[in-house]
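Take a look at the model below. Start with the whole chain, then follow it piece by piece.

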Amino acid sequence: MVRAFFAREGAGRGAEPGQGLVEYALILVLISVVVIGILTLIGQRVDDIFQAIYEGLGRGLGRGGS
């Protein structure tokens, strides 16, 4: 059923060989750019959170945070 849907979808728009691969590659690039942008924006905050957790665990184990 799924194959039939995609077969009709590709045939209806006149897809050329390799077109689907290029579209998937473009989607992958777009997702990668978005993820890199998000990590750039919130990276320092995440690092601060993990640093606070590390220092809290260090104090709890009797090893003062640095």
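What follows moves from the overall fold to one helix and its surface.

This is a predicted model. The protein has 66 residues, and buried residues make up 2% of them. Its secondary structure is simple to list: two helices and zero strands. The accessible surface comes to about 6,100 Å². Carbon and sulfur atoms account for 69% of that surface.

Now turn to helix α2. It covers residues 19-60. How far apart are its end C-alpha atoms? They are 57 Å apart. At 1.5 Å a residue, the 42 residues of α2 should span 62 Å, so the two values agree. The helix does bend, though: at I42 the angle is about 55°. Just after α2 comes G62, which takes a positive phi of about 85°.

Next, the surface. I42 also belongs to a nonpolar patch there.

Is F50 buried or exposed? Its relative accessibility is 55%. Exposed means over 50%, so F50 counts as exposed.

Key: Residues are numbered from 1 along each chain as its sequence is written. This is a predicted model: local features need pLDDT of at least 70, side-chain atom pairs count only at pLDDT 80 or more; totals for chains, interfaces and linings use all residues. Side-chain values use heavy atoms; hydrogens and water are left out. Patches are made of residues with over 30% relative accessible area and no salt bridge: like charges are joined within 9 Å, nonpolar side chains (Val, Leu, Ile, Met, Phe, Trp, Tyr) within 5 Å. Accessible areas come from the Shrake-Rupley method with a 1.4 Å probe; for residues, only the protein chains shown count as cover. A salt bridge is a side-chain nitrogen of Lys or Arg within 4 Å of a carboxyl oxygen of Asp or Glu. Helices (H or I, at least four residues) and strands (E, at least two) are DSSP runs, numbered from the N terminus. Buried means under 20% relative accessible area, exposed over 50%, partly exposed in between (1.4 Å probe, protein chains only). The expected span of a helix is 1.5 Å times one less than its number of residues. The bend at a residue is the angle between axes fitted to the seven residues ending there and the seven starting there.
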